[in-house]
Number of protein chains: 2
Amino acid sequence: MGVGDPMVAEKLEQVPGILDELGIDVWLLFARESHTVHDPCFDLVVGSNVTWHSAFLLTRHGERIAIVGSLDKAQLETLGHYPEIIGYVGGISDDLRKTLARLDPRRIAINYSTDDVMSDGLTHGMYLTLIKFLGGTDYVERLESSAPLVGALRGRKSPTEQARIKTACETTVEIFSRLTPRLRVGLTEKEVAAMIREEMDAIGGLDLAWDADHCPAVFTGPDSAGAHAGPTDRPIEPGHLMNVDFGVKRNDYVSDLQRTWYFLRPGENDAPQAVHRGFDTLLGAIRAAAAELRPGVTGESIDTIARSYITDRGYAEYPHALGHQVGRTAHDGAGVLCPRWERYGSLPHLTVQKGQCYTIEPRLTVEGHGIVTMEEIVVVEEDGCEYLSRPQTELYLVRS
Amino acid sequence: MGVGDPMVAEKLEQVPGILDELGIDVWLLFARESHTVHDPCFDLVVGSNVTWHSAFLLTRHGERIAIVGSLDKAQLETLGHYPEIIGYVGGISDDLRKTLARLDPRRIAINYSTDDVMSDGLTHGMYLTLIKFLGGTDYVERLESSAPLVGALRGRKSPTEQARIKTACETTVEIFSRLTPRLRVGLTEKEVAAMIREEMDAIGGLDLAWDADHCPAVFTGPDSAGAHAGPTDRPIEPGHLMNVDFGVKRNDYVSDLQRTWYFLRPGENDAPQAVHRGFDTLLGAIRAAAAELRPGVTGESIDTIARSYITDRGYAEYPHALGHQVGRTAHDGAGVLCPRWERYGSLPHLTVQKGQCYTIEPRLTVEGHGIVTMEEIVVVEEDGCEYLSRPQTELYLVRS
């Protein structure tokens with residue numbers, strides 16, 4: 001046996017069953033220079049990078065065949081995930097056509113998707129190259145998107161994967177707990193972000209879950225930038241709502257959580273009623289959505305529950321989806337709990353599957369104070385869902 | 001002005017001139033979730049990541065327009081590279097069509113390429129999406145590959161870029177110098193790799209130039225794995241040739257160099273004649289190729305010089321290209337100094353341009369001893385090329 005990642009071995013074991021369920025004969029991953037333009041499926045079922053035109057063929061009968069440039073062969077052999085590895089020097093097309101002729105698949109899923117970024121690692125140039133290499137064979141007509149396959153494979157988290165995500169969530173909640181006593185009026189968003197990074201480094205063994213320029217993202221007060229922007233020199237003032245969007249990567253799996261704090265004004269012993277009403281509305285929206293999240297419902301239906309819960313109470317709707325999956329990445333592919341907007345393509349109609357791990361993250365604005373957001377992570381069970389993060393159920397108050 | 005990377009600003013300045021030279025009206029970069037499936041052009045001319053469908057339009061008249069999801073807008077504004085940033089909520093297609101109608105370009109270069117990975121960041125799913133969004137307009141017919149544009153933009157290194165690559169090379173040569181006195185028979189490939197990483201960490205401020213599993217790559221003796229494999233537990237024995245392939249990233253730019261050592265057998269004061277002949281042949285091949293490398297020659301013609309230099313002297317030809325460009329990445333896109341093999345597509349026919357930085361890295365086997373490789377980096381000047389790395393000109397001898 002090889003020295004490859006056991007999580008890759010675990011995912012590879014899932015493949016034949018899902019292929020069979022979908023009636024697909026072969027999953028063909030086609031790639032080159034995967035270090036540079038990286039197909040997310042490589043992390044799931046290859047566990048290494050390749051340099052030249054490379055094909056990974058996985059069949060419903062459990063065969064695993066890699067065709068790679070000769071200098072990439074030894075590395076893949078060391079990992080041991082692919083029992084058959086063909087190395088070529090001049091070009092891949094002969095070996096690829098021969099291998100397909102031997103397997104003679106009726107349906108071939110390839111690594112592209114219009115709607116799911118995690119299933120869309122095949123570049124357009126590589127697609128054209130594949131069509132050229134298969135020119136004159138019947139196989140060109142048998143190609144289809146692997147989106148349903150990849151969605152199921154990536155989405156259905158194994159118990160080991162769920163445990164890793166839960167640990168990443170617990171670590172993140174611990175970092176928030178360490179942060180709270182250090183918070184005070186006058187700190188800038190950048191200073192708060194630096195504190196979070198300090199606490200993360202103090203724990204050790206952690207990476208950021210997404211780009212360092214907005215991980216953590218910190219927003220304070222009524223005039224903050226909104227999601228996906230980096231922290232600024234804006235200072236926390238009394239009466240501000242401040243929120244943080246942060247996640248860590250631990251053992252290759254990530255968290256992605258948001259929390260909200262209120263900074264009391266001189267003389268205040270509690271947040272104003274408007275702030276509490278915003279907080280309670282957001283918490284209610286999360287609970288209402290989580291209560292209905294189970295296998296078989298559409299992503300749109302869950303988004304609608306939270307969205308209308310918020311708009312019914314007089315707040316503007318949030319300008320994004322209610323939630324996305326997490327796993328090896330913070331945005332871990334289709335399905336998504338999202339509205340029927342153009343930018344989500346067919347995603348709103350996909351149904352929830354057992355084992356998927358979703359964020360639930362509505363937001364709303366409390367005029368004059370700032371934004372209330374919480375983001376929790378749940379795993380979909382047989383007949384409902386369960387929190388992997390310990391949810392925020394009370395507004396965190398910071399005395400000036 | 002914004003806080004964006006000055007190297008991005010420098011590259012953006014180059015764009016209108018290259019568009020004009022090629023007769024292209026608009027360069028359209030189309031992407032989503034660029035953190036996950038990353039278009040290498042983003043490092044050159046965006047300097048940030050985006051989440052939802054995003055379009056970056058650069059015109060030959062110097063206009064720069066970004067159309068992004070509303071939550072990504074603030075971050076891009078902070079960077080300041082794009083004077084016009086349009087944020088959308090529901091979907092990008094209206095703004096994209098309106099913007100194209102306003103610019104009304106005759107030729108539109110988009111980010112795909114069959115042969116150049118650095119120009120091929122558009123996924124097939126996103127290509128299909130773009131075609132759908134532009135459906136019913138004249139612009140679908142006006143799309144073409146941006147490969148010539150990206151090749152020129154990425155390839156023609158500015159003086160600042162050349163200086164950064166040179167510094168990365170000098171640092172790598174320094175690491176090799178620190179390594180040599182620590183080498184001895186009995187060390188395993190993994191132990192040598194660990195020493196290189198130690199020396200790198202001791203210098204500080206450096207990242208690896210490519211994947212950690214084979215950066216450095218270390219190969220000792222006649223039965224080593226060949227390029228692109230990770231170091232093993234194979235120990236260095238007397239009479240072995242050992243070689244290292246290693247590069248660092250410093251200030252966002254990389255090196256990629258190879259060096260060869262010979263381990264004297266008891267009683268030997270020098271390497272055997274066969275080893276010296278191999279070394280001298282390889283050095284001769286590098287020098288012969290470098291002597292002819294200048295603007296206007298094809299990549300293939302330079303590869304042929306080194307390849308035939310080696311085969312004319314009775315050695316087998318190397319199973320890869322003679323050289324590739326370096327820059328922000330170790331494999332920095334077209335052109336390449338490569339033979340006419342299927343896997344290189346049209347690359348052998350591309351001509352060398354001033355300002356490109358190429359590796360020169362032939363290899364040959366000395367029976368019973370191992371592999372001789374050196375890899376140098378040169379920058380193409382007006383009428384020739386100049387070494388950015390201090391070349392290895394003598395075999396490094398290690399006494400047992």
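**A working chat**

A: Start with a pair inside chain A: A:Glu161 forms a salt bridge with A:Lys11, with the closest N and O atoms 3.0 Å apart. A salt bridge here is a side-chain nitrogen of Lys or Arg within 4 Å of a carboxyl oxygen of Asp or Glu.

Q: Which helices does the pair of A:Glu161 and A:Lys11 tie together?

A: A:Glu161 lies in helix α7 (residues 159–179) of chain A and A:Lys11 in helix α1 (residues 6–22) of chain A, so the pair ties together parts that are 150 residues apart in sequence. Helices (H or I, at least four residues) and strands (E, at least two) are DSSP runs, numbered from the N terminus.

Q: What's the ground here, and how is it numbered?

A: This is a predicted model; local features need pLDDT of at least 70, side-chain atom pairs count only at pLDDT 80 or more, and totals for chains, interfaces and linings use all residues. Residues are numbered from 1 along each chain as its sequence is written, chains are lettered from A and ligands numbered from 1 in the order in which they are written, and side-chain values use heavy atoms, leaving out hydrogens and water.

Q: How many salt bridges over all chains?

A: The count comes to 60. Between chain B and chain A it is two.

Q: Which side chain does B:Asp120 meet?

A: A:Arg32, in a salt bridge at 2.8 Å, N to O.

Q: And polar contacts across the interface, how many residue pairs?

A: The rule finds 27 residue pairs between chain B and chain A, both residues at pLDDT 80 or more. A polar contact is a pair of N or O atoms within 3.5 Å; within protein, one must be able to donate a hydrogen and the other to accept it, and residues adjacent in sequence count only if both atoms are side-chain atoms.

Q: What area is buried?

A: About 4,800 Å² between chain B and chain A, with carbon and sulfur atoms giving 56%. Buried area is the accessible area (1.4 Å probe) that two parts lose on being put together, summed over both.

Q: How are the two copies related?

A: Chain B can be laid on chain A with an RMSD of 0.0 Å by a turn of 180° and a shift of 0.0 Å along the axis. The two copies are thus related as by a two-fold rotation axis. Superposition is by least squares on the C-alpha atoms of residues with pLDDT of at least 70 in both. Also, 100% of the interface residues of chain B are interface residues in chain A too, so the copies meet through the same surface.

Q: Switching to backbone. Where are cis peptide bonds?

A: One joins A:Cys215 and A:Pro216, with omega about 0°. A:Pro216 is in the loop between β7 and β8 (217–220) of chain A. Another joins B:Ala334 and B:Gly335, with omega about -5°. B:Gly335 is in the loop between β13 (323–324) and β14 (336–337) of chain B.

Q: What about phi of B:Asp104?

A: Near 45°, a positive value in a residue other than glycine.

Definitions and conventions
Contact means heavy atoms within 4.5 Å.
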